Structure formats: C-alpha cells, structure tokens
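Dear colleague,

I am handing over the structure below for your files.

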Amino acid sequence: MASSTSENKKATSEGRNRRIWTTVEERALVDSYYLLISNGYKLDNSQYINGYVLELEKNIIKILPNTDLRERPHIESKIKTWRKQWGSIYTALATSAIAWNDTQKMLTIEDEDVWKQICKDRAMGEHAEAAADILENLDKEQCETEFSCSTGDSHANE
C-alpha cells in the first residue's frame, strides 16, 4: 500500500511540496491506464475521452484505498512527466545509433557523438546553439562583413 503523505513528498526551493511517487503508486496508475483502454476510453486517433484522468483517480483509489493521489495535481503532473520522458526516448530511438536492449531494459548507445548531440538538442531545444557557438558565428559573420566591405564587394549585403 501507499505510504503516508509525508514520506511521498519533498520540499522544493519555493517552499511547496512536490509529490514523490512510489513504485506501487506508479504500478497502480499503469494498471488503471490499461483498464481504461480496455473499457474504450482511448479513441482510434490515440486521444482519450474527456474525464479520463478522473477515471484514473477512481481506479487508483480502488487499488490503493488509503492513497492521497488525486486527479489534480498528482495524476495530471505524472502523465505530463511521462509524456516528456517518452518523447525523449522516442527521439533517441529514431536514430540508428541508439537501440533498446530488452534484456537489460535500457538504451544501448552505439555512437557516442550522436548521443551527445541528442543530449545537447534536448537540453537546449532542437537546433539550438551554445553560447560559445553563437559567439563564434557572430565573429565569423562580422569578419565576413568587414572583409566584404573593405574590398568593395557589392554582394556584402545579400
């Protein structure tokens, strides 16, 4: 069963508490998802019927009667976190340099450079530049502009 509320929370820098889910609670959420899908709550376009989070809460309460998990903020926040994590894994698996090891239940990295690029893109947004890259590109652009202007090149502003 779920442990007490104080064991499942930790303080954040803003003084608010953030829920720390136990493995049992996460399992109950996954089981509740499966139950909803089998009862027709998921549509053909991979969307869920309105009110599905409230139904998840009801199912979790049936599984864990003493839980303090609620639709808002707990379940919605957990779903949002899972979607974000799945997006990261899906992006990584879309490359040929990263594969899923089903035996060890983890990603296998075959090309370290591709992994570093994925991490950089994920941390800063796709196609984002690091501060050093921005400065380097500005220096190149400034140098190219100055060179074009000093030689009288008519294509400098194109």
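**Findings**

In this predicted model, Tyr52 has a relative accessibility of 13% and counts as buried. Tyr33 is buried too, with a relative accessible area of 12%. Both fall under the 20% limit for burial.

Trp86 and Tyr90 are both exposed, whereas Tyr33 and Tyr52 are buried.

**The nonpolar core**

Which residues have the most contacts inside the largest nonpolar core? They are Leu29, Tyr33, Tyr52, Leu56, Ile60, Ile75 and Ile79, in a core of 14 residues. Helices α1, α2 and α3 each supply at least two residues of this core. Ile79 shows how these parts meet: apart from its neighbours within four places in sequence, Ile79 is in contact with Tyr33, Tyr52, Val53 and Leu56.

**Helix α3**

Helix α3 has 23 residues and spans 31 Å from its first C-alpha to its last, close to the 33 Å expected at 1.5 Å a residue. Its buried residues are His74, Ile75, Lys78, Ile79 and Ala92. Pro73 is also found in this helix, and a cis peptide bond with omega of about 5 degrees joins Arg72 to Pro73. I would ask you to look at this bond in the model.

**The hairpin**

Strand β3 (residues 98-101) and strand β4 (residues 106-109) pair in the antiparallel sense over four bridges. Ala99 has Thr108 in β4 as its bridge partner. The two strands form a hairpin with four residues between them. Lys105 lies in the loop between β3 and β4. Lys105 has a positive phi of about 55 degrees, although it is not a glycine. Is Lys105 buried or exposed? At 53% relative accessibility Lys105 counts as exposed, since the limit for that class is over 50%.

**The protein as a whole**

The protein contains five helices and four strands. Read from the N terminus, its elements follow the order β-β-α-α-α-β-β-α-α. Of its 158 residues, 18% are buried. Among contacts between residues at least 6 apart in sequence, 33% join residues at least 24 apart. The exposed surface comes to about 11,700 Å², and carbon and sulfur atoms supply 51% of it.

With kind regards

Notes: Residues numbered from 1 in each chain as written. Predicted model: local features only at pLDDT ≥ 70, side-chain atom pairs only at ≥ 80, totals over all residues. Heavy atoms only, no water. Buried < 20%, exposed > 50% of the residue type's maximum accessible area, 1.4 Å probe, protein only. Core = buried A, V, L, I, M, F, W, Y, C linked by side-chain atoms within 4.5 Å. Contact = heavy atoms within 4.5 Å. Areas by Shrake-Rupley, 256 points an atom, 1.4 Å probe, with all protein chains shown as cover. Pairing = 2+ DSSP bridges. Expected span 1.5 Å × (residues − 1).
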